[in-house]
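Subject: Structure for you to look at

Hello,

Here is the structure I said I would send. My notes on it follow below.

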Amino acid sequence: MGEFLTISKGEHLAANSVPPVPRALPLGEPNIYPRWLPYAVSNSLPTWESVLGVANKESWVIEKIQCGYPRFHINKPVKGILEAIRARLKLSDSVKCMVFPSSRAARDCAAVLTEATMDGNDFIECAHFFASPRLNLGSEYAYWARFSAVVYPSDLSNIAMGFWRDFGDGISPRHAAFCLELFDYLDSDSTHPILRTPAPRKHDQTELQREANCFESALSNMFHVKSSIAHHVRPHQLQAAPLTTDDIFIYPTGMAAISAANRALLSLKPKSDVVLYGWLYVETVNVLRRSPWGQKISYHLGRDQDLDELEGALLAGQHITALFCELPNNIKLASFNLRRIWSLAQKYNFVVVCDATVGNLINIDILPLVDILTLSLTKAFSGVSNVTGGGIVLNPSSPRHGQLKDMLASQYEDRYFPLDLATLKHNCVDLAARVHTYNANTLPVVNLLKDHPCIACIYYPSLGPTAHYYESYRRKGGGYGNVLSVIFHSPDSAVVFYDALDVCKGPSIGTNFTLAIPFAWLSQYREKDNLEKYGVPRHIIRLSIGLEDVDQICKTVRRALEKVEQLGHDKQGLPE
């Protein structure tokens, strides 16, 4: 069992190494470097056809996927614990289950499933697994051996997976592997008697090794991660109230952080109204829409005239509890007048929640202009693509700081598995240096693409009509990030470019290696046909530039462009 509780010296030394040149990988293989690192959060989709295959759940692709982004893919350790639960509880083929590290998350999932049933009579129950005190495992071991399963009819599987995907509360692969090792020593309890089971094996001191280095260092690792965030997010100008690590909350995923902010705000004013401002990550939209807010008021484009409309509504008596936004947003890379939003929040007393994952802490300074800053630590903060994580940072100078902090603290559950935390701590040590290299490597790629005759548009924070807003938040020495989106004149050109681009291809951004994906087909497949009116056509390609040699990155992009240029019909797509 010790293998799940330590990080090898080789894994530690390899944590921030990068491939010398970009390289696409075979279908389904983990997008990670070095190649032998476990728990990759991205899988290779090297062709446009393979992306469509995943979107359509075609077996020839699905069966080759070895791992995947944990919110979208049930990875091998999680499958293992699910199979063990099914066998223990003697579940029939007509019944499925989902597993969560938190009983609260399991109950929330069960509530969503129950609400979706026609008559409320379906069998939807929670089973809670735990180590009996007779095992004498120790408090930390026993704490992390706890988890909960939701049992439900198989025809609700899509809804269950939607909850797992959107709210980010599912068990992590490392945590699942640990629980699977201990599974035969765990009892289960439930309000339903058939889900109550004794552990099939008794405690044997020789079988249960208690190598708990990662448990013993969890507090120091948590402090290290929080301190790193605090150091990098701290405003350039000193605030009246200093930021401390107590203003930072760490979660297992970025979406778990956003969901926690959403729950806290709902508990303050349930059934009140919320604003979705600008282009938001689709799972954020799903969380807000699934939650018991009153009106969900959307301003998809995030323009100045939208703020005019919002201000007019507030002046006329409209009350909102919170406004959710991203700066810059994921895919369009647009910015907006956050200072005006903050001013409106002070006048009309609403909470500003802004996600800064794409902008990242090194490049932009926006904490003084928000109440709650959310982050996906899976992306650039980690960089290695082998662990998930999320964070909330509270603005200590916000007039709502005390109320928000108390509410978040009262609802907080520490369910971030210690080995995931240790991995994140190892990965983030050189964050600033990596981000500066990301920035420097991306600008030549942007310049290479933006004037190419086959390309209609490039989305990047330094380009377009909202660039001046981003510039006003950019830190001294900060850059524009490593994420850009490419729109070709011809959809066929996009397919040729993607297939010819010899880089890693698959979900995620902010990895130490260059990564590409046709965003609409994978991230927003269900909404793809309605996106074009917002400037997001189905053939848009998102690039996340990595740490490889910049000349090699540019050569790789140039070779893919040459393939596009060979298409005779590209000329038909060029503007006249």
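A charge counts as sitting over a ring if NZ of Lys or CZ of Arg is within 6 Å of the ring centre and within 35 degrees of the ring normal. By that rule, the charged end of Arg88 sits over the ring of Phe183, 4.6 Å from its centre. Arg415 likewise lies over the face of Tyr143, at 4.6 Å from the ring centre.

On the source: this is a predicted model, in which local features need pLDDT of at least 70 and side-chain atom pairs count only at pLDDT 80 or more, while totals for chains, interfaces and linings use all residues. Residues are numbered from 1 along each chain as its sequence is written, and side-chain values use heavy atoms, with hydrogens and water left out.

Aromatic pairs: the structure holds 20. Rings of Phe, Tyr and Trp (its six-membered ring) pair if their centres lie within 6.5 Å; planes under 30 degrees apart are stacked, over 60 edge-to-face, and the rest tilted. Trp48 and Tyr498 have ring centres 5.8 Å apart and planes at 85°, so this pair is edge-to-face. Trp48 and Tyr498 are 450 residues apart in the chain. Both Trp48 and Tyr498 are buried (under 20% relative accessible area, with exposed over 50% and partly exposed in between; 1.4 Å probe, protein chains only). Tyr470 and Tyr480 make a tilted pair, 5.5 Å centre to centre with 35° between the planes, and Tyr470 and Tyr480 are buried as well.

Regards

Notes
Helices (H or I, at least four residues) and strands (E, at least two) are DSSP runs, numbered from the N terminus.
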